[in-house]
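Please read them with the sequence and the coordinates open.

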Amino acid sequence: MSWGDFWIILIACGITMLICRVAPLFLLKGRELPERVIRALNLIPPAAFAALVANDIVTPGMFTSGLWPAGAIICAAAVVVVVAVRTKSLIWCALSGVAAYALLLMI
């Protein structure tokens with residue numbers, strides 16, 4: 001790839017990102033969104049976080065080093081789910097997950 005091709009791709013990606021992020025702000029400015037759309041938009045951050053976490057928990061070779069290392073990760077994730085349901089606090093979820101994982105690895 002030449003530098004000219006690189007700059008064309010970079011500029012095209014920048015313009016596309018700008019349009020996709022700024023255009024909805026201008027199009028929806030001053031409008032009231034339906035309740036159903038607002039509920040759907042509120043699910044995006046938890047879904048993105050769950051996708052990131054699930055990518056680390058469930059890996060193709062998770063049981064190659066034995067049952068317990070993979071089980072420790074799953075147990076720590078279960079602790080985080082319980083804390084999340086009860087507290088709905090990201091900081092408590094992070095702290096409980098790290099603590100549970102550290103304690104389970106010491107066993």
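1. The whole structure was searched and zero disulfides were found, a disulfide being a pair of cysteine sulfur atoms within 2.5 Å. Cys13 is in no disulfide, and the nearest cysteine sulfur to it, that of Cys20, is 11 Å away. Cys20 is likewise in no disulfide; its nearest cysteine sulfur is that of Cys13, at 11 Å. Cys13 is partly exposed, at 42% relative accessible area, and Cys20 is exposed, at 55%. Here buried means under 20% relative accessible area, exposed means over 50%, and partly exposed lies in between (1.4 Å probe, protein chains only).

2. Basis of the values. This is a predicted model, in which local features need pLDDT of at least 70 and side-chain atom pairs count only at pLDDT 80 or more, while totals for chains, interfaces and linings use all residues. Residues are numbered from 1 along each chain as its sequence is written, and side-chain values use heavy atoms, with hydrogens and water left out.

3. The largest pocket. The largest pocket holds about 680 Å³ of space. Of the 20 residues that line it, Phe49, Val53, Ala77, Val80 and Cys93 are the closest to its centre. A pocket is taken on a 1 Å grid over the protein atoms alone, as an open set of points where a 1.4 Å probe fits, with protein on both sides within 12 Å along at least five of seven lines; lining residues have an atom within 4 Å of a point. Grid points are joined across faces, edges and corners, and the volume is the space filled by probe spheres set on the points.

4. What lines the pocket. Helices α3 (44-57), α4 (67-87) and α5 (90-106) each supply at least two residues of the lining. The most comes from α3, with seven residues. Helices are DSSP runs (H or I, at least four residues), numbered from the N terminus. By class, the lining of the largest pocket has 17 nonpolar, two polar and one charged residues. In this count Ala, Val, Leu, Ile, Met, Phe, Trp, Tyr, Cys and Pro are nonpolar, Asp, Glu, Lys and Arg are charged, and the others, Gly among them, are polar.

5. Helix α4. How many residues does α4 have, and what does it reach from its first C-alpha to its last? It has 21 residues and reaches 30 Å, close to the 30 Å expected at 1.5 Å a residue; the expected span is 1.5 Å times one less than the number of residues. Ala70, Gly71, Ala72, Ala76 and Val83 are buried in α4. The cover over the buried residues of α4 includes α5.

6. Ser96. This residue is found in helix α5. Is Ser96 buried or exposed? Ser96 counts as buried because its relative accessibility is 17%. Leaving aside residues up to four places away in sequence, Ser96 touches Val79, Val80 and Val83, where contact means heavy atoms within 4.5 Å.

7. Lys88. This residue follows α4 and is found in the loop between α4 and α5. Lys88 is not a glycine, although its phi is positive, about 55°. With 71% relative accessibility, Lys88 counts as exposed.

8. Two further loop residues. Leu33 sits in the loop between α1 (3-28) and α2 (35-42) and counts as partly exposed, at 28% relative accessibility. Its contacts, not counting residues up to four places away in sequence, are given as Leu28, Ile38 and Leu41. Thr59 is in the loop between α3 and α4 and is also partly exposed, at 31% relative accessibility. Thr59 and Gly14 are 45 residues apart in sequence and 33 Å apart in space, C-alpha to C-alpha.
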